[in-house]
Amino acid sequence: MAGCRGSLCCCCRWCCCCGDRETRTPEELTILGETQEEEDEILPRKDYESLDYDRCINDPYLEVLETMDSKPVAAGSGIPEIKCYLNGVKVPGIVRLRTLLCKVFGVLFSVAGGLFVGKEGPMIHSGAVVGAGLPQFQSISLRKIQFNFPYFRSDRDKRDFVSAGAAAGVAAAFGAPIGGTLFSLEEGSSFWNQGLTWRVLFCSMSATFTLNFFRSGIQFGSWGSFQLPGLLNFGEFKCSDSDKKCHLWTAMDLGFFIAMGVIGGLLGATFNCLNKRLAKYRMRNVHPKPKLVRVLESLLVSLVTTVVVFVASMVLGECRQVTSAAQVGNDSIPLQVTSEDVNSSIKTFFCPNETYNDMATLFFNPQESAILQLFHQDSTFSPVTLALFFILYFSLACWTYGTSVPSGLFVPSLLCGAAFGRLVANVLKSYIGLGHIYSGTFALIGAAAFLGGVVRMTISLTVILIESTNEITYGLPIMITLMVAKWTGDFFNKGIYDIHVGLRGVPLLEWETEVEMDKLRASDIMEPNLTYVYPHTRIQSLVSILRTTVHHAFPVVTENRGNEREFMKGNQLISNNIKFKKSSILTRAGEQRRRSQSMKSYPSSELRNMCDEHVTSEEPGEKEDLLQQMLERRYTPYPNLYPDQSPSEDWTMEERFRPLTFHGLILRSQLVTLLVRGVCYSESQSSANQPRLSYAEMAEDYPRYPDIHDLDLTLLNPRMIVDVTPYMNPAPFTVSPNTHVSQVFNLFRTMGLRHLPVVNAVGEIVGVITRHNLTHEFLQARLRQHYQTL
């Protein structure tokens, strides 16, 4: 149990996270107000691990417990995890320094080792990690290095920097700063503003030109020439000057592009379906086992890939005649592919002199060089070779993505799609007789179709491809192809990133809800079973609540009782809570009285005199309580329970869900900070004697606040009282129980909320809506229940 953050199952006292049985010292039982015999009776009878409402730890993100999928956070491309982060959900360890180091060195060796993976996805993840950590000037991995930097100390600022870092990663990978900005907007961020747009664009531009400066200087020795904008460059698409009939594309070709988009969507859906099945198999049979099994799986993938590449090149490759423009060498043949010296290489690989192996040219070149071959070489590959290469590469790339190594998907998808597009061009040229088509255009459209069918991106991917090709005329065919591929693929399943997000159980919010969801109201989806605190609460109650729940925020409430004056006479703690409730209730009469007394002159002296007369004519002892007039209830008076008592199974429904006046929200991190710093007062004192903490002191431990399980309970006096009112949020966003779900969804997503209390017409909290209550699956389930009750 040491260091465990799981919740406790109320029925058996087992930790739902690590499976260990909890043992408590006598001092801990004393601080919780428990004894060994009555411990099980004190705890609320709830299974908080299965509770839908608010399973989070860090504000304003949802902590996803990795109970099902234990895949290392540095594995894969990292785009699904960054997409979760920017959507408002935090996956543990995803922006840590050690994750960055593992990502950088892992992708270096996985790409150099010949696996069918790309480095562009990990670059996006790496940029996001840099964006998250650099403004903080601190790292949990380097605890001894501390800088007193008071700025950007909020989760909103951190999320904005992660958005900029992810965009910079795209810009550096493809040399596409505008595409990077749109990627961060389309694929990631739930919450966007105008000021963030130009900051992210400036960051992307800086990343592109920084990479261009160093690559150009290192490769050409001409510092400041800016000749290599990105890691992946598609070269220049240009017809030969001698071929007057050649056009990059014509209006007639749009029909073929649409058909290729449909096929690309089907192929992408197939890829996603197979990869999802493989991911489920790994989650059941590989990830739960020792880490050595994951290493062995990666070695097996590498071994099979090497064997397939060599055997396919030797057995299935064709020895084709080298054109006169090429010069034969021992291992490779440099070939000039365009008038702008876009060079690549072709491999001889056991072929006779003056010939080359077309299969080996695709397999043994770096993936970027193979893409350039497919884009710019003419009459280099036979249709049979392209078909076999597509099938083999498709299968191995699908198997490789998801293993426990850093691996991207952009470049493998582009290469696989380029082979498909080049195959279509060869068929149209050789068998249908369409000699006017440009093979490179069809290879580019095929790459866009397959990549769009896999990742289901439209706007950002269109701009990325246009910026990578430096050819604006490709904008229309690329956009049409991507849209058709997305529509076709969405008919069968989701994009590959959304699939992996769903497998992790992350409550990702879509851009909008379906129209039929407006049949539901906020009351239909809220969680009415609340765990709350009072404005003045004993330490033993706070410790008990914090240690037996995993909720991140708690409503601050007061109870509505019919005999409040009798309660005020009996206990100072209850008296403080009732006084706070009365002082925080705003009435029209009270506000008018305050204004009339504070104004030096009033437009109507008659009205002022009447107000003064009304005040002086009432005796303090006989004046009827305005609050009691407003909050008269249909329920019977509530049980004589002190605020530091826990719910009981013996309560009736009215007692368990009794009316609670809502005053605000307070975070778990704030409560723990108050306990750690000893902010409390004794029952014999006034709450004014409680020490006060400034905002800087409350945020000093950001972003990793102390945990209640690490707190030394022997240092606390369980009978002391904590006044939480100076630190709570007294005016959070709230909705009415009758609010349409679409309005709730838009408010939650637009404002970047973490909790949304549901408050009725008389100021009572009746439930809380969190991210989980707005997921598509949850809304569908509630809608089915709604139809059944009609």
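Predicted model: local features only at pLDDT ≥ 70, side-chain atom pairs only at ≥ 80, totals over all residues.

Me: How are two packed helices described, and what are the values for H12 and H14?

Reply: Two packed helices are described by the angle between their axes together with the distance between those axes. Here the axes of helix H12 (residues 367–376) and helix H14 (residues 410–432) come within 9 Å and cross at roughly 25°; since angles under 35 degrees count as roughly parallel, H12 and H14 are therefore roughly parallel to each other, and their crossing is left-handed.

Me: Which residues of H12 and H14 meet?

Reply: On the H12 side they include Ala370, Ile371, Leu374 and Phe375, and on the H14 side they include Leu414, Leu415, Ala418 and Arg422. The residues of this contact divide into 10 nonpolar, 2 polar and 2 charged.

Me: How many residues of helix H27 are buried?

Reply: Buried means under 20% relative accessible area, and 7 of the 9 residues of H27 (residues 668–676) are buried, so this helix is largely enclosed by the rest of the structure. Among the buried residues are Arg668, Leu671 and Leu675, and what covers the buried residues of H27 includes helix H20 (539–548) and strand S9 (660–667).

Me: In which sense do strands S11 and S12 pair?

Reply: Strand S11 (residues 756–759) and S12 pair in the antiparallel sense over 4 bridges, with Gly767 in S12 as the bridge partner of Val758. The two strands form a hairpin with 5 residues between them, and Gly763 in the turn has a positive phi of about 85°. Of the 5 residues of S12 (residues 765–769), 4 are buried, so S12 is largely enclosed by the rest of the structure.

Methods: Residues numbered from 1 in each chain as written. Heavy atoms only, no water. Buried < 20%, exposed > 50% of the residue type's maximum accessible area, 1.4 Å probe, protein only. Pairing = 2+ DSSP bridges. Contact = heavy atoms within 4.5 Å. Axes fitted to C-alpha atoms, helices over the stretch in contact; angles between N-to-C directions. Parallel < 35°, antiparallel > 145°, perpendicular 65-115°, else oblique. Left-handed = near helix turned anticlockwise from the far one by under 90°. Nonpolar A, V, L, I, M, F, W, Y, C, P; charged D, E, K, R; others polar.
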